[in-house]
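Hi,

Here is the structure I said I would pass on. Have a look at it first, and then read on for my notes.

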Amino acid sequence: MTWKQLVLAAALAIAIPLARADVINGESAPDFTLTDINGQTHTLASYQGKMVILEWINHGCPFVANQYGTGTMQALQKEARDNGIVWLSICSTAPEKPDYLTPAQWQTTAQEKGGSADAILIDPDGTVGRLYGAKTTPHMYIIQQDGTLLYQGAIDDTPSTRPQDIPTAKNYVRAALGDIAAGRPIQTPLTKPYGCSVKYP
């Protein structure tokens, strides 16, 4: 690489952020209304007064499969719920995509995976996913009790589908929850999500 190419590469590295947000931390998370796999309606506003975690999900994605296959996501869900945090999993996979699941198929899958989400919400037209700028599965968001967005990005710092990599990965969501519980600012509030692209229409 020539000197000029090195300078250009450095300039690009500075100009292109590691993570870009479509919704802004420190501002109110957008409200939404979605139906879950059991036909119940949920709004974000209805959870005012409780911390909420949003998880974009697609079990056809190997990155999601790794988190669930190792029990990592289920354990985090249980930790969150044990601490009074609402966990909403959102699927924005379009009906025409191979990974799409009907509500009945979702009910079976959810039972097989053994997760602890409060609800699995269906977003078939991708409206809520696009509202939040959800790019990958998984893509994670933490919302404060007053509706303020606190964290958005990756589940951890190791973009891998290998089960053996999870124990050494830093789980950004768990770390953020630890910071919040300790009353200190979240050390890493914005990270670049990784995984499979959300299968929008």
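Of the 201 residues in the protein chain, 46% count as buried, where buried means under 20% relative accessible area, exposed means over 50%, and partly exposed lies in between (1.4 Å probe, protein chains only). Before you go further, note that this is a predicted model: local features need pLDDT of at least 70, side-chain atom pairs count only at pLDDT 80 or more, and totals for chains, interfaces and linings use all residues. Residues are numbered from 1 along each chain as its sequence is written, and side-chain values use heavy atoms, with hydrogens and water left out.

The secondary structure comes to 6 helices and 9 strands. These are DSSP runs numbered from the N terminus, with helices being H or I of at least four residues and strands being E of at least two. As for contacts (heavy atoms within 4.5 Å), among those between residues at least 6 apart in sequence, 74% join residues at least 24 apart.

Strand 1 (residues 33-36) and strand 2 run antiparallel and are joined by 3 bridges, and threonine 33 stands opposite threonine 43 in strand 2.

What packs on this sheet? After helix 3 comes glycine 84, with a positive phi near 80°.

There is 1 disulfide to look at, a disulfide being a pair of cysteine sulfur atoms within 2.5 Å. Cysteine 61 and cysteine 196 form it, with their sulfur atoms 2.2 Å apart. The link is right-handed, with 85° about the S-S bond. It joins distant parts of the chain, 135 residues apart: cysteine 61 sits in the loop between strand 3 (52-56) and helix 2 (62-69), and cysteine 196 in strand 9 (residues 196-197). Cysteine 61 and cysteine 196 are both buried. Another cysteine, cysteine 91, counts as buried because its relative accessibility is 4%.

Histidine 59 is also in the loop between strand 3 and helix 2. Is histidine 59 buried or exposed? Its relative accessible area is 16%, so histidine 59 is buried. Leaving out residues up to four places away in sequence, histidine 59 touches Val64, Ala65, Tyr68, Trp106, Thr109 and Lys113. The C-alpha atoms of histidine 59 and alanine 110 are separated by 9.7 Å, although the two are 51 residues apart along the chain.

Alanine 110 turns up again in the largest pocket: 19 residues line this pocket, and Ala110, Gly115, Ala117, Ala119 and Ile120 lie nearest its centre. Helix 4 (103-113) and strand 5 (119-122) are the elements that give two or more residues to the lining, and helix 4 has the largest share, 4 residues. The pocket has a volume of about 200 Å³.

The structure also holds 1 cavity of 30 Å³ or more, and the largest cavity has about 30 Å³ of space. Its lining is Asn66, Gln67, Asp156, Thr158, Ser160, Asp165, Ile166, Ala169 and Tyr194. For both terms, a 1 Å grid over the protein atoms alone is used: a cavity is a set of points where a 1.4 Å probe fits but cannot get out, a pocket is an open set with protein on both sides within 12 Å along at least five of seven lines, and lining residues have an atom within 4 Å of a point. Grid points are joined across faces, edges and corners, and a volume is the space filled by probe spheres set on the points.

Cheers

Terms used
Pairing = 2+ DSSP bridges.
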